[in-house]
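Hi everyone, thanks for coming.

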Amino acid sequence: ITVCVIVNIVVLSLDHYQPVGHMDEILIYTNDVFSGIFILEVILKLTAMEHRFFFDHWNCMDFFLILISITNFSLRGTTAVNVSVFQVLRVFRIFRIMRLVKRAKKIRVLIDALWYSLPSIANVGGLMLV
């Protein structure tokens, strides 16, 4: 999973406006593969940890990211909803790398603050969809 997180961050950094050739299709495919891996990870953790899964803020953030991925999958073919909002929210996957840094306690405080502000961010995102 650690290698997947690092490679996913590299792939996310390759995404840019007006990609050349088939780069857009390749990025979508690799994003789908990483989303599938992370969905499988969350399912396995939920199965193993049951209700204790949600006691850890990092697991809650992973669950939130998976919900974004699933929503992005389900809305990809439609034009009724602006899917680019969900693609922007994929950037939060970068915060998964912070889990790997055990000694970065100040960064963890920032991530916890971000986690507590997610409901407000969701409200703003909801307004952007309207």
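Predicted model: local features only at pLDDT ≥ 70, side-chain atom pairs only at ≥ 80, totals over all residues.

Let's start with a pair of helices: α3 and α6 are oblique to each other, because their axes cross at roughly 50°.

Now compare the packing of α1, residues 2-14, with α2, residues 23-49. Here the axes are 10 Å apart and the angle is about 155°. Angles over 145 degrees count as roughly antiparallel, so that is how α1 and α2 run relative to each other. This crossing, too, is left-handed.

While we're on α1, have a look at L14, which lies in that helix. Together with I6 and V10, L14 makes a nonpolar surface patch of about 240 Å². L14 counts as partly exposed because its relative accessibility is 39%.

On to the charged side chains. How many salt bridges does the structure hold? There are 2. One joins K45 and E41, at 3.5 Å from N to O. Both residues sit in α2, 4 residues apart, which is about one turn of the helix. The other pairs D62 with K45, with the closest N and O atoms 4.0 Å apart. That pair links distant parts of the chain, since D62 is in α3 and K45 is in α2, 17 residues away. Through shared partners, E41, K45 and D62 form one network.

Methods: Residues numbered from 1 in each chain as written. Heavy atoms only, no water. Patch = residues over 30% accessible without salt bridge, like charges linked within 9 Å, V, L, I, M, F, W, Y side chains within 5 Å. Areas by Shrake-Rupley, 256 points an atom, 1.4 Å probe, with all protein chains shown as cover. Helix = DSSP H or I, 4+ residues; strand = E, 2+ residues; numbered from the N terminus. Buried < 20%, exposed > 50% of the residue type's maximum accessible area, 1.4 Å probe, protein only. Axes fitted to C-alpha atoms, helices over the stretch in contact; angles between N-to-C directions. Parallel < 35°, antiparallel > 145°, perpendicular 65-115°, else oblique. Left-handed = near helix turned anticlockwise from the far one by under 90°.
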